[in-house]
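Good morning, and thank you for making time for this presentation.

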There are 2 protein chains.
Amino acid sequence: MFESLEIGRKVSKEEFRARELELRVELLDLQRRLRESESPVLVLISGVEGAGKASVLHRLLEWLDPRGVATHAFWDETDDERDRPYYWRFWRRLPGKGEITFMFGSWYTKPIIDRVFKRNRKADFERALVRIREFEKLLTDDGAKVLKLWFHLSSKAQQRRLASDVKAGLHGRPWMKAFARRYERFASVSQQAIHFTDTGFCPWHLIEATDARYRDLAAGVALRDCLHAAVAGDQLPPPVEAELPELAGQETVLDRVDLSASVTRPQYERRLRKDQRRLGRLAWQARDAGINTVAVFEGWDAAGKGGAIRRMTYALDPRLYRVIPIAAPTDEERAHHYLWRFWRQIPRGGYFTIYDRSWYGRVLVERVEGFAEPAEWRRAYREINEFEDQLTEFGTVVLKFWLHISPEEQLARFKEREKTPWKMHKITEEDWRNRERWDDYAQAVHEMVLRTNTPACPWHLVPANDKKHARLEVLETTIEAIEAALDARRG
Amino acid sequence: MFESLEIGRKVSKEEFRARELELRVELLDLQRRLRESESPVLVLISGVEGAGKASVLHRLLEWLDPRGVATHAFWDETDDERDRPYYWRFWRRLPGKGEITFMFGSWYTKPIIDRVFKRNRKADFERALVRIREFEKLLTDDGAKVLKLWFHLSSKAQQRRLASDVKAGLHGRPWMKAFARRYERFASVSQQAIHFTDTGFCPWHLIEATDARYRDLAAGVALRDCLHAAVAGDQLPPPVEAELPELAGQETVLDRVDLSASVTRPQYERRLRKDQRRLGRLAWQARDAGINTVAVFEGWDAAGKGGAIRRMTYALDPRLYRVIPIAAPTDEERAHHYLWRFWRQIPRGGYFTIYDRSWYGRVLVERVEGFAEPAEWRRAYREINEFEDQLTEFGTVVLKFWLHISPEEQLARFKEREKTPWKMHKITEEDWRNRERWDDYAQAVHEMVLRTNTPACPWHLVPANDKKHARLEVLETTIEAIEAALDARRG
């Protein structure tokens with residue numbers, strides 16, 4: 001998940017100045033109108049140590065009118081707090097209607113830290129997360145807007161920050177080193193907490209914090225949208241990763257895919273044969289072990305999904321697999337929850353199901369084309385994670401592929417299709433229309449990867465400008481995953 | 001909790017016939033309109049073995065038009081089901097828009113049964129409940145109406161049912177005996193499940209099943225209200241315990257309180273002195289052990305709350321207690337969540353806090369007088385249980401008293417107050433108005449006890465027609481609870 005927050009988003013000094021001015025005016029106006037409204041606003045400042053949480057907070061406070069704004073830090077427990085139930089400290093600091101409260105540290109802090117340092121058990125940690133969800137539901141049910149900001153820094157960037165602190169003679173934060181040593185554990189624990197509490201009613205805003213200007217502006221925009229919702233009495237708007245979608249040329253996780261990856265024809269044919277033989281054997285072993293596999297294919301139009309699927313099914317005994325192409329839903333499917341059609345098709349233990357497009361349509365095409373309401377696709381991330389959790393708990397191998405090509409490559413393929421009689425049917429008006437919304441789709445893919453890239457069900461972003469490379473990567477990723485599952489079963 | 005479902009509600013044969021006719025007409029009409037609507041309707045039939053779940057289902061099916069109605073029983077697991085994630089079996093049986101599905105057994109069955117027979121661990125059981133809540137949220141977010149019916153039978157009634165089955169030569173249900181032997185355990189596990197999943201968006205309907213006619217009518221009325229909400233596109237209406245509020249003279253849990261309880265003056269004075277001395281000593285011991293006590297006083301106007309509180313505080317060192325009278329909220333309190341004002345006042349470890357009226361105002365006066373919306377007071381039960389859970393987890397002794405008097409006794413006390421110069425100020429127009437709504441309050445009290453009578457924080461319904469008796473009972477209940485907490489602490 002967090003890797004998607006390490007793509008080097010930044011804002012230039014000039015751009016920052018221009019946007020800051022605009023943002024301040026908006027914030028002050030909204031703050032004034034908030035005073036008359038029925039909503040308390042609560043902003044949680046959280047994230048990796050060294051991400052500059054204190055600096056963000058200073059910046060936001062600088063932009064706002066200090067009246068009606070409170071800040072509370074929760075770290076050193078007082079006697080007063082220790083002598084009462086844990087949530088008492090938060091309850092007494094809650095903002096009233098029309099007020100804004102920033103919490104530096106929050107109800108997440110203690111469960112996460114305790115888990116990082118192994119001071120609580122897994123079951124206690126999970127119980128704490130359930131309690132958090134109840135508390136946030138209680139607050140939002142009552143009309144409060146809870147803006148949860150998470151600032152991320154890569155391990156390297158954290159090390160750099162630590163080194164520069166030491167250089168600057170800042171020895172005031174002795175715990176920084178303890179955290180830096182446990183970076184991976186902290187990331188994995190935080191990720192669990194975020195996934196479990198990234199609900200439709202109270203979503204997380206995940207912000208890359210490497211560039212201070214981007215970080216501060218993104219936080220400011222999120223706060224502006226939150227105040228807007230409070231004033232209008234609306235639901236919190238869904239967080240748009242790339243908090244600054246207006247920024248031209250905003251990078252996404254797709255920009256980090258190395259599209260130059262390719263293989264030669266002889267290499268391809270040799271590896272393909274080998275991979276297919278291997279996969280064919282593994283499929284039977286998986287069947288004997290009762291392990292089933294769900295492979296999801298998503299990707300740009302003309303990225304080569306069909307070809308990759310055929311190379312996979314060619315390797316498999318037809319008794320062992322089904323390919324499920326996802327087109328527009330049937331009447332019966334439309335009458336049910338959008339996940340229903342996918343649950344129906346879940347294979348029995350031991351079998352393969354290949355989805356040509358999938359439940360991710362909810363947060364891709366349905367989001368971009370407006371077929372689903374923002375509230376609907378927003379809560380779909382959590383619903384999808386829960387769905388996939390159930391699959392992996394059952395022992396299913398879940399593979400999620402995004403086949404990535406450049407817009408130029410797509411154009412070339414579209415043109416070739418139009419020229420080739422037996423491919424003509426594959427290209428429609430709709431493909432051209434989708435192509436025009438490339439950037440919107442890229443943003444949707446970015447957020448999809450960010451929010452559904454769980455440790456048990458990671459996304460594989462496959463470079464597919466070279467079809468041969470893509471096919472091999474899909475096959476080999478599948479082989480590895482099934483081998484790992486078989487090894488784990490043999491345990 | 002379940003005791004409140006053992007008050008002997010019943011319906012006569014004549015009344016049943018009249019109401020059945022009316023209900024069938026309504027149900028058929030609503031069912032016809034449901035077909036055009038956007039809501040699937042899902043009815044879960046659950047409860048104690050022997051409560052007649054199959055009979056209720058037959059009755060409901062008899063009342064409805066069979067078109068668009070499906071019934072699924074989940075008990076014998078098929079191979080098909082075993083080979084897929086647990087929820088697959090439910091997903092494939094979900095109703096589409098405009099359809100009604102009855103589930104005989106549901107996603108609750110396996111976690112509860114496994115827990116009763118100790119086939120899963122506590123943490124697994126809790127995880128299963130979290131999953132249930134996510135699933136029900138997903139369904140209701142998508143517009144489905146999920147009606148959860150729980151049918152209750154007392155242990156004695158279950159034994160009678162078992163005996164009559166055996167007499168009738170019905171040996172077809174061998175598991176009945178296994179359940180009858182584990183009645184208490186089944187009740188306690190079910191209670192946990194119900195409390196955790198009794199959410200505002202998907203509440204439980206709890207129905208006393210001793211009398212078949214009452215049971216069936218109550219289920220029918222709940223279904224009618226559910227269909228009504230589905231057709232109107234409204235939220236599910238809050239379940240009203242006493243599902244048949246229209247029934248004149250409906251009994252409540254208060255009717256089981258023995259108001260004849262009394263003590264003589266000499267007995268009273270002797271026990272009072274002894275109790276007060278004992279409580280005074282215990283309060284210091286509790287302070288040294290860091291155990292705090294929260295005592296909640298609710299009851300009818302003129303039931304003697306003030307007097308009972310004074311007898312308690314007289315025993316306590318003033319340094320150790322605070323009395324918090326709850327009147328109309330201040331401006332500041334009104335600007336926050338209704339629980340905020342109570343959280344503020346939570347005592348530190350070792351102290352006593354006495355609430356003269358409390359957070360239960362939300363589900364009593366605010367409900368009856370319409371100060372809170374149905375959705376607001378409905379979700380308050382779960383919020384209150386969660387609040388009290390946090391207190392007891394912290395080690396607080398939570399005592400909840402309802403001081404009960406008869407309407408006649410109240411009238412006599414009102415009249416006396418009006419005649420007595422130094423009591424005149426205690427009686428207002430409002431008291432007379434409240435008195436007129438006695439039955440509505442009694443229903444609200446009944447449901448409050450039903451839904452918030454948790455094992456860790458039980459309600460004490462104190463007979464208070466005799467003030468002396470009430471005071472002693474309050475003192476002695478308090479003493480016992482603190483002694484138990486001290487013993488537990490000493491281990």
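Predicted model: local features only at pLDDT ≥ 70, side-chain atom pairs only at ≥ 80, totals over all residues.

Let me begin with the two chains.

In chain A, five strands make up an open sheet with parallel pairing, and their order is β2-β3-β1-β4-β5. At the edges of this sheet are β2 (69–73) and β5 (204–208) of chain A, each of which pairs on one side only. From one strand to the next, the twist averages 20°. Strand β4 of chain A, residues 145–152, pairs with β5(A) in the parallel sense, and five bridges connect them. Within this part of the sheet, Trp150(A) has Leu206(A) in β5(A) opposite it. A helix also packs on the sheet: α2 of chain A, residues 53–63, touches β1 (41–47), β2, β3 (100–104) and β4 of chain A. The direction of α2(A) makes about 165° with that of β3(A).

Let us move to the sheet of chain B. Here too five strands form an open sheet, in the order β2-β3-β1-β4-β5, and the pairing is parallel. Why is one side of β2 and of β5 in chain B left without a neighbour in the sheet? The strands β2 (69–73) and β5 (204–208) of chain B stand at the edges and have a single partner strand each, so one side of each has no neighbour there. On average, and with direction ignored, neighbouring strands of this sheet are turned by 20° against each other. Strand β4 of chain B, residues 145–152, is joined to β5(B) by five bridges in the parallel sense. Facing Trp204(B) of β5(B) is Lys148(B). Across β1 (41–47), β4 and β5 of chain B lies helix α9, residues 183–197, which runs at about 155° to β4(B).

The remaining part of my talk concerns pairs of helices in chain B. Two packed helices are described by the angle between their axes and the distance between the axes.

The opening pair is α2 (residues 53–63) and α10 (residues 212–232) of chain B, whose axes come within 10 Å and cross at roughly 50°. This angle makes α2(B) oblique to α10(B). The crossing of the two is right-handed. On the side of α2(B), the contact involves Ser55(B), Val56(B), Arg59(B), Leu60(B) and Trp63(B). On the side of α10(B), it involves Arg215(B), Asp216(B), Leu217(B), Ala219(B), Gly220(B) and Leu223(B). By class, the residues of this contact are six nonpolar, two polar and three charged.

Next come α11 (residues 265–289) and α12 (residues 305–314) of chain B, with axes that come within 8 Å and cross at roughly 55°. The helices α11(B) and α12(B) are therefore oblique to each other. In their contact, Tyr268(B), Leu272(B), Gln276(B) and Leu279(B) of α11(B) meet Arg311(B), Met312(B) and Tyr314(B) of α12(B). Five of these residues are nonpolar, one is polar and one is charged.

How do α17 and α18 of chain B run relative to each other, roughly parallel or roughly antiparallel? The axes of α17 (residues 407–419) and α18 (residues 429–436) of chain B come within 12 Å and cross at roughly 165°. The two helices are therefore roughly antiparallel, and their crossing is left-handed. From α17(B), the contact takes in Pro407(B), Gln410(B), Leu411(B), Phe414(B) and Glu418(B), and from α18(B), Asp431(B), Trp432(B) and Arg435(B). This contact has four nonpolar, one polar and three charged residues.

That concludes my presentation, and I thank you for your attention.

Note on methods:
Residues numbered from 1 in each chain as written. Chains lettered and ligands numbered in written order. Heavy atoms only, no water. Axes fitted to C-alpha atoms, helices over the stretch in contact; angles between N-to-C directions. Helix = DSSP H or I, 4+ residues; strand = E, 2+ residues; numbered from the N terminus. Parallel < 35°, antiparallel > 145°, perpendicular 65-115°, else oblique. Left-handed = near helix turned anticlockwise from the far one by under 90°. Contact = heavy atoms within 4.5 Å. Nonpolar A, V, L, I, M, F, W, Y, C, P; charged D, E, K, R; others polar. Pairing = 2+ DSSP bridges.
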